[in-house]
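Please consider the following model, first at its chain interface and then around its ligand.

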Amino acid sequence: MNIANLLKVAWDAILRNKTRTLLTILGVVIGISSVIAMVSLGQSSQQSITEQVSSTGTNMIMIMRANQRRGGVNMGSDNAQSLTIADVNVIEKQAKYVSMVSPLVSAGGQIVSGNNNAQGSLQGGSTDLLEIRKLSLATGSNFTKEDISKYSKVCVIGQTVVNNLFPDVDDISEVIGKDIRFKGVPLKVIGVLESKGNNSMGQDQDDVIIAPYTTVQKRFLGTNYLQMIYCSAVSEEYCDDAVTEISLLLRENHRLSDEQNDDFEVRTQAEMLSMMNSMTSTLTLLLAAIASISLVVGGIGIMNIMYVTVTERTKEIGLRMAIGARSKDILLQFLIESAILSLVGGLIGIILGLLLSYAGSSALGMPFVVSYSAIGLSFVVCAATGIFFGWYPAKKAANLDPITALRYE
Amino acid sequence: MGENIKQNQSNQQQPTAKSIIRIEDLKRDFVVGNEVVHALRGVTFDIKEGEFVAIMGTSGSGKSTMLNILGCLDKPTSGHYYIDGVDASQCSKDELSFIRNRKIGFVFQSYNLLPRTTSIEQVELPLLYNSSINAKERRERAEHALELVGMANRANHTPNQMSGGQQQRIAIARAIVNDPVILLADEATGNLDTRTSYEIMSLFQKLNDQGVTIGFVTHEPDIALFTKRQVMLRDGRIMKDLLVDTQSAQAALDALPASDDY
Ligand SMILES: Nc1ncnc2c1ncn2[C@@H]1O[C@H](COP(=O)(O)OP(=O)(O)OP(=O)(O)O)[C@@H](O)[C@H]1O
Ligand SMILES: [Mg+2]
C-alpha cells in the first residue's frame with residue numbers, strides 16, 4: 001500500500017467517524033490549552049512582580065530592626081529599638097557605596113479634611129526619601145532640610161489620598177496649600193506625587209502621606225527610634241558592597257562584639273525580588289500541577305475514545321484484512337488517523353491556550369507571556385497519548401486472524 | 001425436477017481446464033478449552049477454472065471452515081492448499097494478505113460493508129491495498145464492477161440507504177473488482193427472501209458465464225440447483241461430489257408467482 005492510499009484510507013476513516021474525531025480533538029484541546037493558559041498566567045504574574053520591583057529601584061537598600069534574642073527571650077522586632085538617627089548619619093558620612101540615605105518612621109491614624117476622612121499611615125523621611133523610592137512629584141514641591149530641622153507641619157500626598165480627601169477637586173494643583181488633619185494635627189499639603197498604581201501584592205502605592213521624619217517623631221510618635229533606614233547604592237552593581245559596608249558601619253556604631261549577631265537586617269531589592277520570585281514560582285508550579293491534572297484527564301479521554309473506537313472497529317479491521325490489508329497497513333492507518341487527530345487538536349489547543357492566556361493576562365493587567373516549555377510539553381504529552389492509544393489497540397486488533405476480527409461482536 | 005446426478009467426471013469432460021484450487025487431506029481442528037473440535041477431518045478435492053461449485057451440508061458440517069481456508073482467512077491445521085499454483089498453507093501472514101487481495105473475492109452472509117461509506121468507495125477499497133493501481137484506474141474498475149452487478153445508479157448511496165439485496169450486490173461488486181481467480185461466497189443469500197436470492201443467484205450465474213470461477217456455500221438445496229457442481233460435506237468429510245443439472249435462476253425468477261410481488 002503506498003502512502004497516498006494510506007493517507008486516503010486514514011482520512012476517509014476520520015471523516016466517517018465524526019463523533020470520535022470531535023471527542024478526541026476536544027480531549028487534546030482541553031489538555032493542551034489549559035496547561036498553556038495556566039503556566040502562561042503563572043509566568044505573567046511572575047514577570048509583573050519583577051517589573052514592579054524594578055520600578056521601585058533596583059539599587060534600593062532597606063535596613064530593618066532585627067529580631068533580637070537577649071537571654072533567650074525573643075524581643076520581637078517591634079521591641080528592638082536598635083536603629084537611630086546616629087546610624088543614618090554614620091552611613092551618610094562614611095559609606096562610600098551609598099549615595100542617599102533616609103530614615104523611615106511611620107504612624108497610623110485617621111486623616112481628615114473638611115467632611116472627608118480616611119484611615120492612613122503617615123510616613124516620615126528625609127528629603128532623599130522620595131528619590132530613593134523612585135517617587136516623583138506631579139505638582140508642588142518636596143519638603144526641605146529646614147522643614148526637617150523645624151519639625152514643619154507639611155506633607156506630600158499620593159493620588160489616592162487626594163481622591164479620598166478632596167473628591168471635588170478637578171485640578172490637583174488646587175490641593176497645594178490646603179490643610180489635612182492627621183490625628184487632629186493639621187499638616188499643610190505642599191506636593192502631590194505621580195500615580196504609581198498597585199504594587200505586585202495588590203497594595204495601593206498612591207495611598208501615602210510623607211512628612212519630615214522629625215515631624216512624625218516629635219508630633220506623633222514621641223520617640224527617637226527609627227523603624228527602617230532606606231539607602232540607595234551608588235549603582236546596582238555596588239549593592240552588595242554597599243550592604244557589606246553598611247553592616248560593618250552599623251556593627252561598629254552599635255558596639256557589637258564579634259560573638260554578637262547583627263541587631264539589624266539589611267535587605268536589597270534583589271533579595272526582595274528573589275523572595276517574590278520564589279513565591280510566584282510556587283504559584284506557577286501550583287497552576288502547572290492543576291493543569292497537569294487536566295492534561296491527564298484529557299489524556300484519559302483520548303485513551304478511552306481511541307480504545308473504544310478500535311474495539312468498535314474490529315469488524316472493519318477484519319474486513320480490511322479480508323480484502324488484502326496487511327497488519328502493517330492497518331497499524332499505519334490507525335497511526336496516521338490518531339496522529340492527524342492529535343496534531344489538529346494540538347494546534348487548536350495551542351491557539352486556544354494562547355488566546356486564553358492573552359485574555360487572562362490583559363484582564364488582570366499583567367504582561368502577556370508565552371510559555372514555550374508549556375506549549376512543547378503539553379503538546380508532546382497529548383500527541384504521545386493520542387498516538388499511543390490509537391496505535392496500541394489497533395496493533396492488538398491487527399494481530400488477530402481476519403476471521404476472528406470479522407466475527408468480533 | 002429432473003436431477004441428473006452422476007459421479008463427478010469433470011476431469012474427463014474438460015481436459016483443458018486449469019485446476020485453480022487444489023486441497024489435499026485438509027484438516028482443521030479447533031481447541032476449545034480441553035476439547036478438540038475436528039471441523040475438517042481430511043478433505044481432498046479441486047476446483048477448475050470456470051466451475052460454479054456449491055459446498056453443501058448440514059449446520060456444523062464444516063462448510064464455513066473450509067471456505068474460510070479457501071479464502072485464506074484461516075489456516076489449516078494440516079494438509080495442503082494450492083491456489084493458482086501457490087501453496088497457501090505454507091504462506092506467511094503478509095503473503096496470505098497478498099493472495100486475498102489479488103486472487104480472491106469473498107462475499108459474506110452479512111455483507112460486511114463499511115458503515116457511512118458510499119458504494120463506489122466500498123468497491124474501491126480492495127484496490128486501495130494494491131499499489132500498482134492508480135486512482136483513475138481504481139475508479140474506472142469500481143464503476144465497471146458496479147455496472148456488472150446492476151448497481152451503477154447507487155454509486156453514491158451508503159449501506160443504510162439500501163435494501164439487503166442491494167447491499168449484497170455492492171459486496172459482490174467489491175469481491176470481483178480485483179478480477180479474482182475465484183469468487184467465494186458463504187451463505188450469500190442466507191439473509192435474503194426467495195425472490196432476492198434468485199436475483200443474486202442470477203447475478204452469480206451471469207458472472208460465471210463471463211468466466212468467473214465460484215465457490216458457494218449454502219445449505220438450501222434449491223439454491224444449490226443454480227450451480228454446476230455440488231460438494232456435500234458431513235462431519236468434516238466429503239460425502240458426495242456430483243455434477244448438477246443446472247437450472248436457470250432467471251427462469252426460476254420468471255416462474256415465481258406474481259403475488260410474490262407485493
Ligand atoms: N472458531 C471456532 N472455534 C471453535 N470451534 C469452531 C470454530 N469455528 C467453527 N467451529 C466448529 O467447527 C464445526 C464446523 O463449523 P462451521 O462453521 O464450519 O459449520 P458450517 O457448516 O458452516 O455450519 P452453518 O451451516 O451453521 O454455518 C462446528 O462444530 C463448529 O462448532
Ligand atoms: Mg457456516
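Between chain B and chain A the count of salt bridges is zero, a salt bridge being a side-chain nitrogen of Lys or Arg within 4 Å of a carboxyl oxygen of Asp or Glu. The model is predicted: local features need pLDDT of at least 70, side-chain atom pairs count only at pLDDT 80 or more, and totals for chains, interfaces and linings use all residues. Residues are numbered from 1 along each chain as its sequence is written, chains are lettered from A and ligands numbered from 1 in the order in which they are written, and side-chain values use heavy atoms, without hydrogens and water.

At this interface, 24 residues of chain B are in contact (heavy atoms within 4.5 Å) with 29 residues of chain A. The buried area is about 2,300 Å², with 55% given by carbon and sulfur atoms; this is the accessible area (1.4 Å probe) that two parts lose on being put together, summed over both. On the side of chain B, the most area is lost to chain A by B:Leu73, B:Leu128 and B:Tyr129, together 28% of what that side buries.

Turning to the ligand, 13 residues surround ligand 1 (a heavy atom within 4 Å), and B:Ser59, B:Gly60, B:Lys63, B:Ser64 and B:Thr65 are the closest. A polar side-chain atom of B:Lys63 lies 2.6 Å from an oxygen atom of ligand 1. Polar backbone atoms also approach ligand oxygen atoms, that of B:Gly62 at 3.1 Å and that of B:Ser61 at 3.3 Å. Taken alone, ligand 1 exposes 640 Å², of which the protein buries 65% (Shrake-Rupley method, 1.4 Å probe).

Methods
A polar contact is a pair of N or O atoms within 3.5 Å; within protein, one must be able to donate a hydrogen and the other to accept it, and residues adjacent in sequence count only if both atoms are side-chain atoms.
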